[in-house]
Amino acid sequence: MLEPRLLEIALPVPLRRNFDYLPPIDFPLDALDSMQAGTLIKVPFGHQELIGVLLAVKSVSSYQPAKLRPALGFIDHHPVLDTELLELCRWAADYYQSPLGEALQTALPVLLRQGEPARLKGEPVFVLTTEGKGLPEGALKRARKQAELLAALQKTPQLTRADLDLLEIPRAIAKNLIDKGLVRIEELVISTQNPALQLLREPPLPLSDEQQQAFEQIDFTGFKTWLLDGATGSGKTEIYLQAIEQCLQQGKQALVLVPEIGLTPQTIQRFQRRFAVPVAALHSGLNDKERLEAWLQARAGIARIVIGTRSALFTPFQSLGIIIIDEEHDGSFKQQDGFRYSARDLAAVRAHRLNIPLILGSATPSLETLHNALQGRSQHLQLKARAGSARPPEIQLLDIRGEILHDGFAQASIDAISETLARGNQVLVFLNRRGYAPTLECHDCGWLANCHFCDARMTVHQTPRHLHCHHCDHQRALPRRCPHCNSSHLQPIGQGTERSEIVLQQLFPGQKIIRVDRDSTRNKNAMQKLLEDVHTGEPCILVGTQMLAKGHHFADVTLVVIIDADAGLFSTDFRGPERMGQLLLQVAGRAGRAEKPGRVILQSHHTDHPLVQTLVTRGYHALADLILQERQLTALPPYRQLALVRAESKFPQKATDFLTYARQQAEILSPATPALSYLGPLPALMEKRGDRFRYQLQINSAQRKPLQQLLTELAMKLEASPLAKAVRWSIDVDPQEMG
Ligand code: ADP
Ligand code: ZN
Ligand code: ZN
């Protein structure tokens with residue numbers, strides 16, 4: 001008799017187990033055994049239908065066969081995920097204590113999760129119609145962009161949308177020509193056989209001696225992690241480009257992860273300008289269809305280079321040859337909810353399994369990465385000089401204790417700004433708070449505008465006028481009178497970017513001021529437009545938040561003014577000082593990146609604080625050494641392994657009860673493990689947020705293994721506990737934010 005056939009399936013539900021189903025009714029049983037793991041399948045789940053991932057075809061279930069339901073049907077006959085990615089997801093789900101179904105959900109493009117088949121359509125390309133071809137030279141002279149596109153098509157018969165972007169021809173122009181019957185859309189016939197006769201569009205730059213030395217060390221034949229530790233503007237990107245070229249020459253593909261791609265269109269353009277091969281950019285501007293297309297192109301081996309943010313780590317490839325992570329210290333590589341993975345750490349796992357090199361680049365490497373390099377787990381490559389003729393900026397610490405400030409600006413800063421503008425250069429003013437002012441205060445009774453739902457103050461916004469909680473998004477009208485004493489003496493306290501913009505307008509009338517923060521860049525392409533203004537090179541003042549710190553190249557910015565250097569100094573999160581150092585240096589690094597020398601003014605109330613002193617006089621690496629020593633003394637990462645069990649509820653008692661239970665269980669599960677220690681339940685840094693009370697249990701371990709073992713068992717216990725039903729809870733392995 002034929003053994004029964006059962007399907008083991010991972011489903012996108014928050015339960016740490018897989019599910020067994022009977023084969024779909026009518027499905028030919030002899031075909032079942034050829035169905036591969038990684039194939040998508042639709043199943044009934046309670047009253048819903050879900051799409052899951054087939055893990056195995058088997059004959060024994062730990063559930064009662066009578067209780068099993070038949071699956072509804074396979075979405076496709078081929079797996080969407082190959083073994084390599086499936087195994088990576090399994091590893092990640094284990095390590096981060098996440099249900100496999102949720103990890104797989106992160107790895108798959110939205111449309112696949114919704115049941116769209118994973119088939120590659122030809123990419124649309126623009127070609128000339130017969131009429132278009134017959135057009136005399138110089139036609140359409142009055143429509144300059146249209147004429148440009150026609151000329152481009154005469155040179156290259158097929159242009160993709162990416163080509164148009166590169167030529168800076170808006171898609172609407174192509175549409176105009178289509179309406180005129182001169183251009184039509186065809187499907188590009190894709191062939192992976194084409195061995196990309198030509199890899200490069202432009203020649204690589206000759207490397208400086210220092211770049212050359214670093215580059216020569218990189219071994220492309222196997223797995224190793226390379227920390228490319230180079231000052232801002234030292235030419236790391238050029239090394240990435242040449243490393244990728246090496247891989248392409250071997251017929252392989254490359255994956256580049258960047259923090260926030262929408263913010264740095266320049267980075268993508270730089271890759272597209274260099275390489276003649278298809279580059280897929282997985283950025284937030286893509287719709288689901290385009291995203292799926294890029295994913296499929298990478299899987300088919302057509303896209304030779306993929307550039308994307310965190311989740312692009314899960315892109316499938318034909319033959320991946322290298323992974324590069326730019327700005328590896330950036331917090332955005334760790335997902336902060338749901339499946340809480342670190343794309344940087346998982347990249348090392350993926351590279352190891354594929355036996356390919358991993359390059360981690362940064363001017364301010366994370367302490368974890370520096371520690372790994374010190375321990376010899378990765379190879380440390382250093383670039384000290386700036387590339388080309390650029391020189392490192394000079395950092396000046398400005399003591400503002402007792403100074404009269406003009407809405408946050410010291411007189412010396414104002415003078416420096418005037419001088420810079422007078423010389424025809426640009427200024428960047430950094431301040432990490434959006435809105436007009438961090439809060440509103442009553443001058444008569446001291447009332448403060450608190451959020452009703454969080455332990456936080458409401459930020460004052462002027463355009464449009466309202467109070468806004470940046471933690472739970474709650475908004476309300478600006479009161480005219482104090483709700484407590486009815487006084488009309490309400491005043492905004494402190495500085496936000498909106499306020500600085502207004503102050504700068506008053507101080508420098510007629511001067512162009514460009515504000516860059518989440519509010520000013522909310523609309524699609526807004527960031528790009530603002531950056532275009534900056535890149536005209538006209539004198540201007542840029543004022544903005546950390547959005548300005550990330551990866552931008554502002555050739556004409558010669559002065560950076562940091563309004564408040566002290567923000568991270570007294571943070572209760574142990575990573576506060578590290579983050580502060582990284583942010584300040586990244587912002588400072590925007591000055592003087594081209595021929596013009598740069599200068600940085602750091603306004604501070606704590607100029608003699610040892611961390612500030614170390615950073616300014618001895619640089620980031622000295623600061624990192626100092627913080628590492630502290631971490632070692634206080635038994636914190638990277639010397640210890642950390643995990644948090646978090647719980648939140650509208651009722652604080654429920655959250656603390658749950659975590660008390662978690663700690664008891666943990667102590668029962670690993671009674672004799674001296675490596676492990678516990679702290680909590682403690683309130684989170686922000687105890688109340690979005691109307692929920694938040695608590696956490698910290699688990700600290702001297703070694704990785706006992707922690708992992710404990711967490712796996714603990715997660716099962718917690719999931720089964722009735723206390724869990726009353727709270728939202730999660731486990732965060734290697735947490736980046738303690739809040
Ligand atoms: P990073 O990535 O370290 O910030 P980039 O690679 O962006 O640095 O280099 C900064 C600037 O220096 C860029 O404009 C780049 O074109 C230029 N550059 C980099 N390497 C060289 C080189 N070998 N010769 C000349 N210019 C270079
Ligand atoms: Zn009052
Ligand atoms: Zn709030």
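Helices (H or I, at least four residues) and strands (E, at least two) are DSSP runs, numbered from the N terminus. This is a predicted model, in which local features need pLDDT of at least 70 and side-chain atom pairs count only at pLDDT 80 or more, while totals for chains, interfaces and linings use all residues. Residues are numbered from 1 along each chain as its sequence is written, chains are lettered from A and ligands numbered from 1 in the order in which they are written, and side-chain values use heavy atoms, with hydrogens and water left out.

**Ligand 1**

Helix H10 (residues 236–249) gives the most to the shell around ligand 1, with three residues. In total 16 residues surround ligand 1 (a heavy atom within 4 Å). The table lists polar contacts, that is, pairs of N or O atoms within 3.5 Å.

| Residue and atom | Ligand 1 atom | Distance |
|---|---|---|
| Pro-206, backbone N or O | nitrogen | 2.8 Å |
| Lys-236, backbone N or O | oxygen | 2.9 Å |
| Arg-270, side-chain N or O | oxygen | 2.8 Å |

Taken alone, ligand 1 exposes 560 Å², and the protein buries 77% of that (Shrake-Rupley method, 1.4 Å probe).

**Zinc ion (ligand 3)**

The protein donors (N, O and S atoms within 2.8 Å of the metal, or 3.2 Å for Na, K and Ca) are the SG atoms of Cys-451, Cys-454, Cys-469 and Cys-472, lying 2.2 to 2.4 Å from the zinc ion. Their spacing along the chain is C-x2-C-x14-C-x2-C. Cys-454, in the loop between strand S18 (439–442) and strand S19 (459–462), and Cys-469, in the loop between strand S20 (465–468) and strand S21 (475–476), are 15 residues apart.

Terms used:
Polar contact = N/O pair within 3.5 Å; in protein donor to acceptor, adjacent residues only side chain to side chain.
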